[in-house]
Structure formats: structure tokens, C-alpha cells
Amino acid sequence: MILTNKIIADTAKKIGFNLVGFAKAEDLIKESTHLEQWLNRNYNAEMEYMQRNFEKRNEIRLILEDAKSVISLGVNYYCDEEYSNNSGSGKVSRYAWGKDYHLVIWEMLDKFVEKLQQMDLYFSAKTYIDTGPVMDKAWAVKAGLGWQGKHTNVINKDFGSWFFIATVITNYEFDYLIPVPDYCGTCKRCIDACPTNAIIDDYVLDSNKCISYLTIENKKEIPNEFAGKLDNWLFGCDICQDVCPWNNKFAQPTQEPVFYPKPGHKEIPVDEIILMEKEDFDERFFDSPIRRTKLKGLKRNALFLK
């Protein structure tokens with residue numbers, strides 16, 4: 001069977017992917033130039049892994065030698081729930097309310113590739129969900145999933161920016177989609193709303209100032225200059241997405257129940273975290289993205305909020 005765009009899209013959506021796009025596998029010359037400039041300005045802070053395998057980020061055939069196409073997939077994770085704004089609790093970013101999306105989407109990708117290979121043994125692919133030297137956002141834009149907003153997240157007209165991006169590099173050729181125009185216009189709500197001024201210019205994020213970086217990837221103490229500016233964010237931050245008009249108008253609740261908040265994962269009392277033992281942490285967050293910061297990092301965040 002010859003795999004077509006429709007067969008790919010139908011297969012992906014039956015598995016649970018909400019968005020499907022197709023792009024020609026080619027060097028990301030413009031995108032890798034921008035990435036290099038961003039790295040040279042140290043906007044990646046201490047995320048040194050972003051500097052590794054730079055050539056692969058540009059030349060996708062270094063990942064899959066006979067790559068012809070990139071299939072970009074999106075999974076909506078938006079949950080239509082709000083925070084209680086309890087001053088004694090720290091907020092957790094929406095993406096981490098439920099099960100770790102890596103665990104969920106890795107399984108979906110395996111099933112996706114398996115089904116396509118059953119239809120055509122010639123089909124081969126390598127898959128990523130923000131865990132390798134692949135510029136997922138750049139491919140999502142090229143594949144027509146949406147445009148990159150000024151907050152640097154990809155925005156889709158139907159789902160806003162509340163979706164995870166997975167990338168499938170394949171040896172198959174398809175009909176390629178036309179990239180979506182940038183609909184941010186003159187809007188700067190995300191830039192104006194950021195309490196730490198992390199979005200230093202349109203489409204440019206300085207991770208050194210980003211609350212998500214400071215509370216998750218950052219391994220050091222949070223600098224005192226950010227005292228009183230974290231807006232009670234304990235793990236991650238959604239401010240730039242919360243204020244985006246596209247999210248306010250078009251966000252749709254996810255149909256995937258594992259992304260809905262587990263008890264005590266949406267907001268957590270800071271005193272509870274400060275007193276938490278490692279055994280309790282491991283048991284409570286065993287399949288949660290919150291594990292990424294480890295108990296030591298979560299305690300640091302809680303003390304900083306207190």
C-alpha cells in the first residue's frame with residue numbers, strides 16, 4: 001500500500017494525535033542560524049545539551065540518511081481548569097498536571113510507526129518528542145501546524161499553543177503543506193505580561209530570566225533579583241500562554257484523560273514541599289514531569305516562594 005497524506009493523518013488521529021503536518025526534509029539554514037545566534041548570547045543559560053549535536057539540528061539527514069519528509073504531530077493537552085490562587089500554594093504548569101507526556105507520546109509514536117510499517121514495509125522513521133537534536137518547533141512551523149508566536153511557542157488556529165509537538169523523520173515522500181502566516185500582528189501581551197522580562201524581544205526568549213527555566217532546568221539557587229516576581233509558580237510557568245488571545249479564544253479541552261490534573265499536582269502547599277521526604281516525592285510524582293526538578297529543586301522553589 002502506498003502511504004498518502006490522508007492515510008497518515010487518519011492513522012495519527014485514530015491513535016490520538018490532534019494535529020498532523022508534512023514538510024520536506026531539508027537543511028534548516030535560517031533556523032539554525034537563529035539558533036546559533038541565540039546560543040552565542042547565552043540565552044540557553046546552563047542548558048548545554050542545546051549546543052550538542054548542532055549539525056544534526058541543521059542537517060536532518062545526519063539523523064536519518066535517506067530522510068525525505070518530516071511528519072509533525074501535535075497533541076492537545078489543555079485542561080479547562082483554573083487555579084485557586086491560594087497564597088500558601090505553588091502553581092504547577094498545565095503541561096505537568098497529569099502523566100508525563102513523554103511516556104504517553106512515546107507509546108503513541110511507537111504505535112503510529114508500527115501501523116504504517118504494517119501497511120508498507122518500505123516505510124522507516126525516527127521519532128522524537130523534544131528529547132533529541134531536532135528543532136521540533138521549526139519543523140512544526142514548516143509542516144503547517146501553526147506559526148511561532150512572540151512567546152516562542154507554536155500557535156495553532158484551532159488549539160492555540162496548548163499542544164505537545166512530536167517529530168517523525170521518514171524516508172517517504174508526501175504532499176507538503178504551506179506554512180501558516182504569522183497572526184501575532186502587533187500584539188505584545190505575552191511580552192508585557194512576563195514578570196521577569198524574559199521575552200526580551202519579539203520571538204526571543206532569554207532562558208536566564210524565564211520562570212520555567214528557573215524552576216525546572218536551573219540547578220543552582222534562584223537569583224535574588226527574581227524575589228517576588230515568580231507569581232507563585234512552583235514548577236514551570238504559563239503566563240505568556242495564559243494571556244495569549246489565541247488561547248483565550250480557541251483553546252479546546254483535551255480528550256486525553258491522562259493530562260487532567262492528578263490530586264495535588266495542580267497546586268501544592270509550599271510547606272508540604274518543604275517537609276516532604278524523598279520516598280513521598282518518588283511515590284507521588286513517579287510518572288509526572290515534576291520529577292524532572294527532583295525533590296531538591298522543588299524544595300528550593302518552595303523556599304524561594306515562601
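Trainee: Which residue is the bridge partner of Ile-71 in strand 7?

Mentor: The bridge partner of Ile-71 in strand 7 is Val-168. The model is predicted: local features need pLDDT of at least 70, side-chain atom pairs count only at pLDDT 80 or more, and totals for chains, interfaces and linings use all residues. Residues are numbered from 1 along each chain as its sequence is written, and side-chain values use heavy atoms, with hydrogens and water left out.

Trainee: In which sense does strand 1 (residues 19-24) pair with strand 2?

Mentor: Strand 1 and strand 2 pair in the antiparallel sense, over six bridges. Phe-22 stands opposite Ile-71 in strand 2, and Ala-23 stands opposite Val-70.

Trainee: Why is strand 2 (residues 69-76) called largely enclosed?

Mentor: A residue is buried when its relative accessible area is under 20%, exposed when over 50%, and partly exposed in between (1.4 Å probe, protein chains only). Eight of the eight residues of strand 2 are buried, and therefore the strand counts as largely enclosed by the rest of the structure. In a regular strand the side chains alternate between the two faces of the sheet. In strand 2, Ser-69, Ile-71, Leu-73 and Val-75 are buried on one side, and Val-70, Ser-72, Gly-74 and Asn-76 on the other. Strand 1 is likewise largely enclosed, because five of its six residues are buried.

Trainee: How do you know that the buried residues of helix 4 (residues 101-119) line one face?

Mentor: The buried residues of helix 4 include Val-104, Ile-105, Met-108, Leu-109 and Phe-112. Seen down the axis, the buried residues fall within an arc of 155 degrees, so they line one face of helix 4. The arc is that of the directions from the helix axis to the C-beta atoms. The face turned away from the buried side carries the exposed residues Glu-107, Asp-110 and Gln-118. An α-helix has 3.6 residues a turn, so residues three or four places apart point the same way.

Trainee: What covers the buried residues of helix 1 (5-15)?

Mentor: The cover includes strand 1, strand 2 and helix 4. In helix 1, Asn-5, Ile-8, Ala-9, Thr-11, Ala-12 and Ile-15 are buried. They cover an arc of only 165 degrees around the axis, which puts them on the same side of helix 1. Lys-6 and Lys-14 are exposed on the face turned away from that buried side.

Trainee: Why is one side of strand 10 (233-235) and of strand 11 (267-269) left without a neighbour in the sheet?

Mentor: Three strands form an open sheet of mixed pairing, in the order 10-3-11. Strand 10 and strand 11 stand at the edges, each with a single partner strand, so one side of each lacks a neighbour in the sheet. Strand 3 (residues 89-92) and strand 10 pair in the parallel sense over two bridges, and the bridge partner of Lys-91 in strand 10 is Trp-233.

Definitions and conventions: Helix = DSSP H or I, 4+ residues; strand = E, 2+ residues; numbered from the N terminus. Pairing = 2+ DSSP bridges. Contact = heavy atoms within 4.5 Å.
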